[in-house]
Amino acid sequence: MKNIDIIVPIYNAYEFTEECIKSLLKNTDLNKHTLVLINDKSPDEKILPMLLKYKNQNQDKQIEVLDNEENLGFVKTVNKGMQHSKNDVILLNSDTEVTKNWIEKIQKCAYSNQYIATVTPLTNNGTIASVPNFGVDNELPENMILEEYAEMIEKVSKNRYPELTTGNGFCMYIKRDVIEEIGLFDDKTFGKGYGEENDFCYRALDHGYTNILCDNTFIYHKGTQSFKKENLTASRAALIDEHMNLLRKKHPIYVQKTDNFIANNPLRDIQENIKLNILLHKKKRILYLINEWEENMEMTGGASLHVKDIINSNIKNNIASFVISPDKIDKSRYRLYLYTNQIAKEISNYKTDINHYGQITYTNNSYKQMLENIFDSFKIDILHVQHFLFQTFDTIEIAKERNIFSIITLHDLYMICPSINMVYKDKYCEYDKEKDCAKCLNIRYGVNSNILTNWQRTNLEILKKFDKIIAPSENTKKIFTNLYKDLEIEVVEHGVEVVQTKEKKDRNSKDFNIAFVGAMAIHKGSNILKDLVKKNNNSNLKIHLFGKPNEKDLTKSKGNYINHGKYTRGELPQLLIDNDIDLVCIFAPWPETYSYTLTESYMAQVPIITFDIGAVGDRVKNDNLGWVINFDTNSDKILEKIQEISNNKEGYKVKKDNFKNYKFKQVEEMQKYYETTYNNINIENINKTANIYCFLDYRTKTKESELNEFQNTYGHVIHKYEKLRSSLVWKIAKKLKHIIKKV
């Protein structure tokens, strides 16, 4: 490789210049290359002695110090350096800090094509070369030092060396052959600085050369240190405007191309890749699979609320959480979310052909490709499946191939039967002697075979492949181990954030108020609610619903039935108190695995009536905070039991008093379990880098990309507007408007 002369024009900025020199000594082979330090008659008298000090201290290195007898200005000083040199040059601002292998990488880029004239590396402050945000001044990431940041950028780079319309003078490699052919900087037109490197690059374009971005190299640039004094701010702005107009006049086509470049930002993939890796730096990465997910998670299923609580803990503990979930409407489209130290970010959505060919789907090629892309792009460390509904079993195979630790949480009975809750007609099928599995599966999925035996055999094989299986309750564990004898299941109860409620001093009436809570469908007991509303002849018994009903008959309030509609998470306890609720009815016709609504009812200190089935029945019975009745109890008997409870004041008081001794499992306790579990999983390389390029190649058009397209169009219009404002026609029109107003 050729020898290079590194030309550093210097004017004041003592501390920054010294840091620049130190970085050059550390990261540059100055036995091969030459450092040319040019003092442009700096008013700061400490500058020249400092430059000579470093030259004298490093006599074994090629360091030259030139001292201008008078202040020449930036452009003439740079030209002096290029004339002094006979080699390729790198023009380097004195307020920069170079990084490891910088000169080798930039030179390799420069000679990747014989027609390259200039090379500019990435920086934090260099307009079109700026990362992670384009066209603005960026600070270094808070979670990295400069060396780490530069190393990360090198690792994630695709080394695609994209073309630029113009280089940037903070650090610009120029080939000697190009200097000989097109000349030096135009110091007559741009003598005071700003625009001279653009003019040079545009002239290079005229000669058929290209300007390149070295996208694997980062140079730190503090930016415009010569203009930092407040009294120079206005003059600098005026200088920029003046030289911008000169550029537009001299190179109208190239300036327009630069405007278009800025408006369209063809470097977005580079910026996004760096942004992503800043977010993921030294973080464990967990991928959650779930059957439903929305940005507003206040009113949704318990599994989603559970994952949300875990993610909140992950954010505090430097763990990055990815969530993949089917779209609410189109189940063949999957949305990918990322949670780090900021609010949720939907980073992509994928279109697959899943469910197009089979109703019961164990595997799907396009789904598998999607998951492989996610695992490989983001270097996932841990797989935590919360639900396989609308997902396929390819996931665990992909994880195993990559030696990724895998966990599954059993939120319902899907891994026993695809009906999810095993409700046949309106009852848990284990209690129905006349159940017909083939008929049920035909009604639900349209399959014409009894596939249950094969389903359970397949699911057992899948479950055995997981490193850890978790159930939210002992009851759920018992159901699974009764069927799948060899499974090891750990019980981890969900934790909750206890809502602080306000007591209601005065009761509005002497009525006995009962409430059904949550989204009300058949698997939540909507049939029982309908029967109770229909059969209730007691004017003092009021039936309330807090939640969205799926049954049309339950949407409107009538008589002694009041529908309060949907509520958001955390509102239920106070709603129960404010509406004088005496008893909460939970009559899910299947063994629920936990029930957040039960816990929220506990927060209001309202006793429960429920069936002797599932985690709900076990909890109410063990906690002694309500009444547990036989699962076969019909609606007439339920009404009788409710009336009995309302009449037995002493018995009711005992249940209420038991709340004084009840202790909730706090969300922090559950979060601590998962924090410990995740942290105990050994990850060989926590500092690995993600690669967004294969991700970008795969992903479909997202809302975010649509927004970017809008921003591109907007940016393009703004550039055209600014160009028009600076034109002679605009100025004449403005004067005419002023004259017309006076007339």
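Biologist: At what angle do helix α12 and helix α13 pack?

Modeller: In this predicted model, helix α12, covering residues 365-378, and helix α13, covering residues 394-401, pack at an angle of about 35 degrees, and their axes are 10 Å apart. The crossing in which α12 passes α13 is right-handed.

Biologist: Which residues make that contact?

Modeller: From α12 the contact uses Tyr367, Lys368, Leu371, Glu372 and Phe375, and from α13 it uses Asp394, Thr395, Ile398 and Ala399.

Biologist: Lys41 looks like another one; what is its phi?

Modeller: The phi of Lys41 is positive, about 50 degrees, and Lys41 is not a glycine either. Lys41 is placed in the loop between β2 (34-39) and α2 (47-57), and its relative accessibility of 44% makes it partly exposed.

Biologist: Changing topic, which peptide bond is cis, with omega near 0 degrees?

Modeller: The bond from Val131 to Pro132 is cis, with omega near 0 degrees. Pro132 belongs to the loop that runs between β6 (116-123) and α5 (146-156).

Biologist: How many residues of helix α7 are buried?

Modeller: Nine of the eleven residues of helix α7, which spans residues 196-206, are buried, so that the helix is mostly covered under the cut-off of under 20% relative accessible area. The buried residues of α7 are Glu196, Glu197, Asn198, Asp199, Phe200, Cys201, Tyr202, Arg203 and Ala204. Just after α7 comes Gly208, with a positive phi of about 90 degrees.

Biologist: And α20: what covers its buried residues?

Modeller: The cover includes α16 (474-483), β23 (581-586), α19 (596-603), β24 (608-611) and β25 (626-629). The residues concerned, within helix α20 at 614-623, are Gly614, Ala615, Val616, Gly617, Arg619 and Val620. α20 is followed by Asn624, and the phi of Asn624 is positive, near 55 degrees.

Biologist: Then there's Glu551: buried or exposed?

Modeller: Glu551 counts as buried because its relative accessibility is 18%, which falls under the 20% cut-off. Glu551 is in the loop between β21 (541-546) and β22 (561-565), and, not counting residues up to four places away in sequence, Glu551 touches Met520, Ile522, Ser526, Asn527 and Lys530.

Biologist: What does Asn679 contact, leaving aside its neighbours within four places in sequence?

Modeller: Asn679 is then in contact with Lys284 and Ile319. Asn679 and Lys284 are 395 residues apart in sequence, yet 8.5 Å apart in space from C-alpha to C-alpha. Asn679 lies in helix α23, residues 667-679, and at 40% relative accessibility it counts as partly exposed.

Biologist: Zooming out, how many helices and strands are there in the chain?

Modeller: The chain has 26 helices and 25 strands. Among its contacts between residues at least 6 apart in sequence, 74% join residues at least 24 apart.

Biologist: And what radius of gyration does the chain have?

Modeller: The chain has 35 Å, whereas a compact globule of 743 residues would have a radius of gyration near 27 Å. Along the principal axes, the C-alpha atoms fill a box of roughly 105 × 75 × 50 Å.

Note on methods: Residues numbered from 1 in each chain as written. Predicted model: local features only at pLDDT ≥ 70, side-chain atom pairs only at ≥ 80, totals over all residues. Heavy atoms only, no water. Axes fitted to C-alpha atoms, helices over the stretch in contact; angles between N-to-C directions. Helix = DSSP H or I, 4+ residues; strand = E, 2+ residues; numbered from the N terminus. Left-handed = near helix turned anticlockwise from the far one by under 90°. Contact = heavy atoms within 4.5 Å. Rg over C-alpha atoms; globule rule 2.2 N^0.38 Å. Buried < 20%, exposed > 50% of the residue type's maximum accessible area, 1.4 Å probe, protein only.
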